[in-house]
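Here's a quick tour for anyone meeting this structure for the first time. Have a look at the view below, then read on.

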Amino acid sequence: MQASTTASAPTKRRKAERTHIWGRSLAARKMRFGLFFATPAFLFFGLFYVYPLFRTFYVSLFSWSLLDEPRFIGMTNYVTLSNDKEFINSIGVSFYYAIGVCVIIWIVSLGLALVFNQNFRFRQAYLSTYYMPAVISLTVWSLVWLFMYNPSFGLFSEFARWLGFRDVRMLDNPATAMPAMILLSIWKGAPVYMLIFLAGLRAIPGDYYEAAKVDGASAWQRLWSITLPLLRPVFLYVVVISIIGAFQAFTPMYLLTNGGPGSATRVLSMFIFQNGFQFLKMGYASAASVIFLLILLVFSLVQFRILRFQQAE
Amino acid sequence: MPRKAFRTLNRILAQLAILAGAIVISVPSLYMLSASFMSSQDFFSTEFHLLPTALYWQNYIDVFVSFNFGNYLKNSLLVTAAVVGMNLLFTPMVGYSLAKFDFPGKTLLLIFVLATIMIPFTAILIPLFLIIRSFGWVNTYPGLIMPFAMSAFGVFLMRQFILAVPDDYIDAGRIDGASELRIYFQIVVPLIQPALITLAIVVFVASWDEFLWMLIVTIGDALRTLPVGLAKFVEQYRTRYELMMAGSVVAAAPVVLVFLAVQRRFLQGMAGLSGLK
C-alpha cells in the first residue's frame, strides 16, 4: 500500500507535462489501452462478484426450489427468518465461534510474531515448521483432526487414557463440540496472522529501539511504548480480516460435525448452505445471506477505512 | 557472573520452548503421515500405535485403485493449473491498467475489486451458483474454474508492484515506437517476474484448497477435486481412517512440496496477502 502513495504523486505531476509535450493523442491512446487492459476485469468482477450481490437480495424476495418457477413473496422470507429458531441460533453460534477463534488467535499470533522477530538459531527452519498448518488445506486438516478427536483411537483419547483419564469425546457433546472446532481453527489460522504481524514488526525502524536503549528503556518498556503502538494499524487490520474470515468458516463444521450435535456448531454459512443446497430453498437461503452480508458489512466498512487509511499514510 | 549465567539459562529455556512448540505443532502432520501407512490391525488393536508396525503401502494403492483418488488428483491439478494460468494472464494486465493508465471507469473498477475482496464468498454463493447454472456450467470444468479466473487480491498485488516500475521505461518504449501490447509484454512483464511467482504461489494454494464451491458445483464423482473427493469419501467410509489419511497425504503433498521448494518466497508472498483471498 505504501508503494502506491510514493509513486502516485510524481506520476500525477509528470502526467501533466507529458500531456503538454505529446498533446492529446497519447492521452487518448493511453485511455484506449487502459480500458483494453481493464475490460476483462470489469466483466469478471462485475458478473461473478458484484452482480450476485444484488441478485442475492432479489432472489430473497422469492420462493424458489430451483425445480419450480420462482414465486414472488415479498418480505415473507425475512419474516420467517426472524421467527426461525435455527437461524437465530446460527447467528449466536457464528458469534461464539468467531469471538472464540479471533481473540485467542490475536494473542497467540502476536506472541509468536514477537518470538520470530528475534534472531535465534534455526529461526528460518522453525518459522517454516510453525507455518506448516497454514500451508495444507483446511479439508485435509479437518479430516486429520476428525481422526485425532476419535473417542476410541484418536490421539486425544489415547493421550488422556495414558494419563489415566477417560476417553475424550469432544465432538459428541454439544458443550465441547464448538471448542473442538475453535481449537482446530486456531491451530490452522494462527500462523497466517503471525506472518502478518511479523511483516508489521519488521517494518518498525530499528533506530527507535536503539534510541530507547540509549535512554535506558527496558525490554518491556520498549514493547509497550514502541512496538505495540506502532503495530496498531496492523493489529486493526488483523482484527477485521480475522473476524470476516471466521464468520465464513464452513469446512470444519461440515466435515467434523455437520452442524451438530443438535445445532451446536451450525454456523451461519452452514445454515445458508443447508437451506440452499440441501433443502433447495433458494429464496430463504438468500434472505439469510442478506442478513449475513449486513452483519459483515459493518466489519467490511471498517476494513475499507483501514485500507484507505493505510493508503493515505 | 550470575547475570550472564542467568541470561544463558534464559536463552536455553527459550530455545527449548520453541522446540517444544514446533513438536506440538507438527504432531497432526506427522500423525497423518504415520497413520497413512498403518494397516487396519494397527488401528483396532488394543495397544496404541504412534507409528505403523510396518510400512503398509497398500493404503496408497487402495486409494488410487479401489477409490477414485487418481481422478480427483487429475481434476485438482487441471483446475488449479487453469486458475493459476488465467490469473497470470489477466491480473497483471488489470494491475497495469490501474497502475499506469487513466481511463473512464477506473474508480468503478477499483470499487469492484475492493468489493470482491470484502464480500464474504458464502453470501454470494446462491446467486453465483444460479449464474453458473444459467450458463449450463454446473458440473463442468468451466464451472469449477471460471469464478476464480481472477483473484481480486492478485489484482491489488500486481497494481502495487507495477506502480514501482519507473514510467521512464514505459515511455522509452513509446518513444521507440513500440505498441502498447509490446510494451506490456516485453518491458512490464519481465520487470515484475518476482511478483508473478508470488502471485502464482498464492493463487495455487487458494485454488488447491477451495472446498465449498467445488462441493456445490460438482455432481457425482467425475469432476470432484481432491478436497471434495476426500469429504465424500469420509461421508461414506467414516471409519476407514487409514485410507482417509492416505488420501489426505495425497491432497497435502503438492502444496507441501511447493512450500518446501520455495519457502522464503512463499512466506513473503503470504505475509503480503494472507487473510485476503
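## Where the chains meet

How many residues of chain B are in contact with chain A? It's 107 residues of chain B, and they touch 96 residues of chain A, with contact meaning heavy atoms within 4.5 Å. Keep in mind that this is a predicted model, where local features need pLDDT of at least 70, side-chain atom pairs count only at pLDDT 80 or more, and totals for chains, interfaces and linings use all residues. Residues are numbered from 1 along each chain as its sequence is written, chains are lettered from A in the order in which they are written, and side-chain values use heavy atoms, leaving out hydrogens and water.

Together the two chains bury about 9,200 Å², and 75% of that sits on carbon and sulfur atoms. Buried area here is the accessible area (1.4 Å probe) that two parts lose on being put together, summed over both. On chain B's side, Ile25(B), Met118(B) and Ile126(B) supply 7% of the area buried against chain A, more than any other three residues.

## What the interface is made of

Helix α1 of chain B (residues 2–35) gives the most to the side touching chain A, with 14 residues; helices are DSSP runs (H or I, at least four residues) numbered from the N terminus. That side of chain B has 78 nonpolar, 15 polar and 14 charged residues. In this scheme Ala, Val, Leu, Ile, Met, Phe, Trp, Tyr, Cys and Pro are nonpolar, Asp, Glu, Lys and Arg are charged, and the others, Gly among them, are polar.

## The largest pocket

The largest pocket holds about 1,500 Å³ of space. A pocket is an open set of points on a 1 Å grid over the protein atoms alone, where a 1.4 Å probe fits, with protein on both sides within 12 Å along at least five of seven lines; lining residues have an atom within 4 Å of a point. Its volume is the space filled by probe spheres set on the points, which are joined across faces, edges and corners.

Among the 30 lining residues, Leu114(A), Val115(A), Gln118(A), Ala219(A) and Arg222(A) are the closest to the centre. Helix α1(B) turns up again, with the largest share of the lining at 9 residues.

Technical notes
Helix = DSSP H or I, 4+ residues; strand = E, 2+ residues; numbered from the N terminus.
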